[in-house]
Number of protein chains: 2
Amino acid sequence: MLNKDKRLLFEKQAEIARAMAHPLRIAIIHFLKDGEQCVCDIAENVGSERSNVSRHLSVMTGAGLLEYRKDGLKVIYKLKCICIVDFFSCVTDVLKRQAKDSEKLLKAL
Amino acid sequence: MLNKDKRLLFEKQAEIARAMAHPLRIAIIHFLKDGEQCVCDIAENVGSERSNVSRHLSVMTGAGLLEYRKDGLKVIYKLKCICIVDFFSCVTDVLKRQAKDSEKLLKAL
DNA sequence: TGATTATGTGAGTATATAATCACATAGTAA
DNA sequence: TTACTATGTGATTATATACTCACATAATCA
């Protein structure tokens, strides 16, 4: 059985993972890979309402994925940890495997 | 704005990320790092009902994180992709940064 | 055959999350 | 001052998710 420390660690890790586990948030991460951006431009790029994007950004910031600075009227967000991008290389691996499996299945028809 | 292919990709990636974004599922991944295990032992190790664990396992299997084989009465699960473990090194990086930030804040008091 | 064990699943409930709309706030500039 | 713009937030609704319990299934063995 897990002890309390492990439990707490896994909860923290899950919180961070959850902050990445949404298509819109992944689109945001993808967009921010190339540099910081304001809410306005992020919303335009991912194709969603600003208020919705604002909420997603605050979830990600809360989880420690993003940080921001204010510049006049604008709020500029950026990735706090570029390592986040590595996560998606893992995810891509899983996807490639899935593709391979489907291929095998097709051949067996 | 995102095109359809990107949208689909991000949705697939989110599905995989979601399959990791739960404390119990992270505990399962953690437990399976050292080798395959049956549902029974997984449930015991993570400290949750078998029926619940069974459901989590099927989510993870559906997302392509796990695979299983049957052995008599038992069903043995294992990680399909050890790269999943890399993901948590990224998460750990984020956590370390958070810890550093808290420390800074404390010193400023 | 019946009893036992490991696993999976339907149904119900509780909780969390996402999206939308309207509005609040705060910075800017005329 | 007023008007404008970018961002954030409260309230609502819709949807998804997690958990529990009871039961179903399937393999094993006496």
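**Sheet, DNA and partner chain**

Analyst: Let's start in chain B, where strand 1 and strand 3 run antiparallel and are joined by two bridges. Keep in mind that this is a predicted model.

User: Okay. Which residue stands opposite C38(B)?

Analyst: That's I76(B), which sits in strand 3 of chain B.

User: And in what order do the strands of that open sheet in chain B go?

Analyst: The order is 1-3-2, with three strands and antiparallel pairing. Strand 1 (37-38) and strand 2 (66-71) of chain B are at the edges with a single partner strand each, so one side of each has no neighbour in the sheet.

User: Which residues have an N or O atom by a phosphate oxygen?

Analyst: N52(A) is one of them, with a side-chain N or O atom 3.0 Å from a phosphate oxygen of DNA strand C.

User: How much of the DNA side is sugar or phosphate?

Analyst: Looking at the atoms of DNA strand C within 4 Å of the protein, 63% belong to sugar or phosphate, and the rest belong to bases.

User: And which helices and strands supply that surface?

Analyst: Helix 4 (50-62) of chain A, plus helix 3 (39-46), helix 4 (50-62) and strand 3 (74-79) of chain B, each supply at least two residues. By class, the surface near DNA strand C has seven nonpolar, seven polar and seven charged residues.

User: New topic: how many residues are in contact between the two chains?

Analyst: 43 residues of chain B are in contact with 43 residues of chain A. The two chains bury about 3600 Å² between them, with 71% of that on carbon and sulfur atoms.

User: How many salt bridges cross that interface?

Analyst: The rule finds two salt bridges between chain B and chain A. One of them pairs the side chains of D101(A) and K80(B), at 2.5 Å from N to O.

User: Which helices of chain B touch chain A?

Analyst: Helix 1 (4-20), helix 2 (23-32), helix 3 and helix 5 (84-107) of chain B each supply at least two residues of that side. The residues there divide into 24 nonpolar, nine polar and ten charged.

Technical notes: Residues numbered from 1 in each chain as written. Chains lettered and ligands numbered in written order. Predicted model: local features only at pLDDT ≥ 70, side-chain atom pairs only at ≥ 80, totals over all residues. Heavy atoms only, no water. Near = heavy atom within 4 Å. Polar contact = N/O pair within 3.5 Å; in protein donor to acceptor, adjacent residues only side chain to side chain. Helix = DSSP H or I, 4+ residues; strand = E, 2+ residues; numbered from the N terminus. Nonpolar A, V, L, I, M, F, W, Y, C, P; charged D, E, K, R; others polar. Contact = heavy atoms within 4.5 Å. Buried area = accessible area lost by both parts, 1.4 Å probe. Salt bridge = Lys/Arg side-chain N within 4 Å of Asp/Glu carboxyl O. Pairing = 2+ DSSP bridges.
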